[in-house]
Amino acid sequence: MSSTTSFSFSDLIAGYVTSFNESEDTFGLKTSDGREFLVKLSAMAYAKIIQNFEEGYPDATGSMRSMLLPGRYLFAYGIFYPDSQIFDAKNLVFVGFKQNEYVFEKQDWWVKQINALGKFYLKAQFGEGDYDYRRYRTDLNLSGMQTNSFRQETDTISRLVYGFATAFMMTGNDSFLKAAERGTEYLREHMRFVDLDEDIVYWYHGIDVQGDRETKIFASEFGDDYYAIPAYEQIYALAGPVQTYRCTGDPRIMEDTEKTIKLFDKFFLDKSEYGGYFSHLDPLTLDPRSDTLGDNKAKKNWNSVGDHAPAYLINLWLVTGKQEYAEMIEYTFDTIEKYFPDYENSPFVQERFYEDWSHDKTWGWQQNRAVVGHNLKIAWNLMRMQSLKGKEKYSSLAQKIANLMPDVGSDQQRGGWYDVLERSLAEGETQYRFVWHDRKAWWQQEQSILAYLILSGTLTNKEYHRLAREAAAFYNAWFLDLEDGGVYFNVLANGIPYLSGGNERGKGSHSMSGYHSFELCYLAAVYTNLLITKQPMDFYFKPIPGGFPDNILRVAPDILPKGSVKIGKCEIDGEPYTNFDADELTVNLPKTHERIKIKVQILPN
């Protein structure tokens, strides 16, 4: 096999301008890992600025040469020719209008993005009519049209409800809250099972809806979890309702949540010396050690331990302030910190375990493989926990992950983050091998952006800020479907949307709903505005009269360093309201028989 390339190919380079030669029409471009390319602007080259939803096309072709200033980050798409050392650029994408500007650090960038995403999913699922969830379908095609599938999955409805509730919190658009409340009610009426004997709630995998006929599906029918109750489905069933509870204080949501947590504590929690949460239960006996579970018998994994916190538990603590939820979050991350690192054998954490925490390297597709986003998700949530509990081991592990991941999990040629990699190198290998492909999934980009934003914001670290900016630049440049709306599931390594077919072609599936893209908008805005660029943010709430205990509304946007933010001002139905505790981030609600709309401005200290 020849060691030199004998054919031309198109590709992407992401990097920082080092110099511009006006007479040659060439410029230097240095990648994130320090390699430098000589790039020539082709005769028909064109340029733009990263574009948000519902914005006009931000053309930069006429000024692109004057914009090639040292230190400026950009994407260059073009051709490598085998007979030249010069990259022939056909298209440039700049990250801002000014030299050191990143457009996604504007105070309202993510607010506008979540507003557009919310409108996309309202139209896709409900058309122009009312928000009737009998019309909801799990599967949406590329343009947002529903497919012929009649399946409604509990998790995907809950994740969409999370998105609508979050969009309301950021925009105040009542349509989003109405959709969130309707969805929460639909979940309660159609997907919830109340076990009176055990005093628990668990959630069906989904239902099939055909006309007026409804068929409930109790155990999971997803391949990895077939005929079992997986922990992550019960976890994500709470994501939407709990986020809606943050807006409304509906006590019925709290009752369901408490009884679902009883399910976790009674049946998923390993009460032996080993601890942690089992990943699956037998659907009839609720036994995690049942032989019927096959490869999932007496197993633990990232999802069963780590997904509690980001999916619902941190939001539950934010809205209640209850010590029991803080302790549960702490328990899950103490477990992760103790058992997941495996740095003697791999730069990636271990994700699957037997009952006694010995490593399971034979399970299904995962074997001895790493999901890049799970490593980053651990780092992100450890930093949230660091602000809550102040344990040095949380920050230490988060930084270790953050320092290791760019070299092994990111694309330092083109930008962005990879999906699933082998955890170890074979003899003679220097790069960790892709399990399926070198494509990049939307949710893995979210984890990288949030991990490095919170690390940057809490530690005031310029290197983490650079990595956060690069990750956010790749996502905003290549994942937004500016024509049909929504975000792409996967892009190729070079940023071009991957539209071959199946789940990866659509905007809705078992794996994709209104969760990660909405969560990204919310927390990227929170971390950027409140911790990094020091800009105020507005948040909206619409409590049910008497819903919140003691009529206290807790408005902390996330677990942030103590004292880093405060309430600046508050309005009720557009009128100034002053009965709040700025430092404790609480609003004392007036006693009223009508629902009121509250707008709270949060300021960085």
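This is a predicted model: local features need pLDDT of at least 70, side-chain atom pairs count only at pLDDT 80 or more; totals for chains, interfaces and linings use all residues.

What follows is a set of questions and answers that set values against definitions.

Q: What makes β9 a partner of β10?
A: Two strands pair if DSSP finds at least two bridges between them, and β9 is joined to strand β10 (residues 213-217) by 5 bridges, so the two count as paired, and they run antiparallel. Within this pair, Gly-206 stands opposite Ile-217 in β10. Helices (H or I, at least four residues) and strands (E, at least two) are DSSP runs, numbered from the N terminus.

Q: What lies between β9 and β10?
A: There are 2 residues between them, and the two strands form a hairpin. Gly-211 in the turn has a positive phi of about 65°.

Q: Why is β19 called mostly covered?
A: Buried means under 20% relative accessible area, exposed over 50%, and partly exposed in between (1.4 Å probe, protein chains only). In strand β19 (residues 537-541), 4 of the 5 residues are buried. β19 also runs antiparallel to strand β25 (residues 598-604), with 5 bridges joining them. One of the facing pairs is Tyr-540 with Lys-599 in β25.

Q: Why is the contact of Arg-469 and Glu-105 called a salt bridge?
A: A salt bridge is a side-chain nitrogen of Lys or Arg within 4 Å of a carboxyl oxygen of Asp or Glu. Here the N to O distance is 2.9 Å, so the pair qualifies. The pair links distant parts of the chain, with Arg-469 in helix α13 (residues 462-478) and Glu-105 in the loop between β5 (86-94) and α1 (109-126), 364 residues apart.

Q: Are Arg-469 and Glu-105 buried or exposed, or in between?
A: Arg-469 has 21% relative accessibility, so it counts as partly exposed. Glu-105 has a relative accessible area of 15%, so it is buried.

Q: What makes Lys-299 and Asp-360 a salt bridge?
A: Their side chains meet at 2.9 Å, N to O, so they fall within the limit. Lys-299 lies in strand β13 (residues 299-301) and Asp-360 in the loop between β14 (352-354) and β15 (369-371), so the pair ties together parts that are 61 residues apart in sequence. Lys-299 is buried, at 10% relative accessible area, and so is Asp-360, at 1%.

Q: How do you know that Asp-307 and Lys-377 count as buried?
A: Asp-307 has 2% relative accessibility, so it counts as buried. Lys-377 has a relative accessible area of 3%, so it is buried as well. Their side chains meet in a salt bridge (3.0 Å, N to O).

Q: How many salt bridges does the structure hold?
A: The structure holds 47 salt bridges.

Q: What makes the phi of Leu-286 worth a look?
A: Phi of Leu-286 is near 60°, a positive value in a residue other than glycine. Leu-286 sits in the loop between β12 (280-281) and β13. Its relative accessibility is 10%, so Leu-286 counts as buried.

Q: Where is Leu-585 found, and is it buried or exposed?
A: Leu-585 is found in the loop between β23 (580-581) and β24 (586-588). At 11% relative accessibility, Leu-585 counts as buried. Leu-585 also has a positive phi of about 60°, although it is not a glycine.

Notes
Residues are numbered from 1 along each chain as its sequence is written. Side-chain values use heavy atoms; hydrogens and water are left out.
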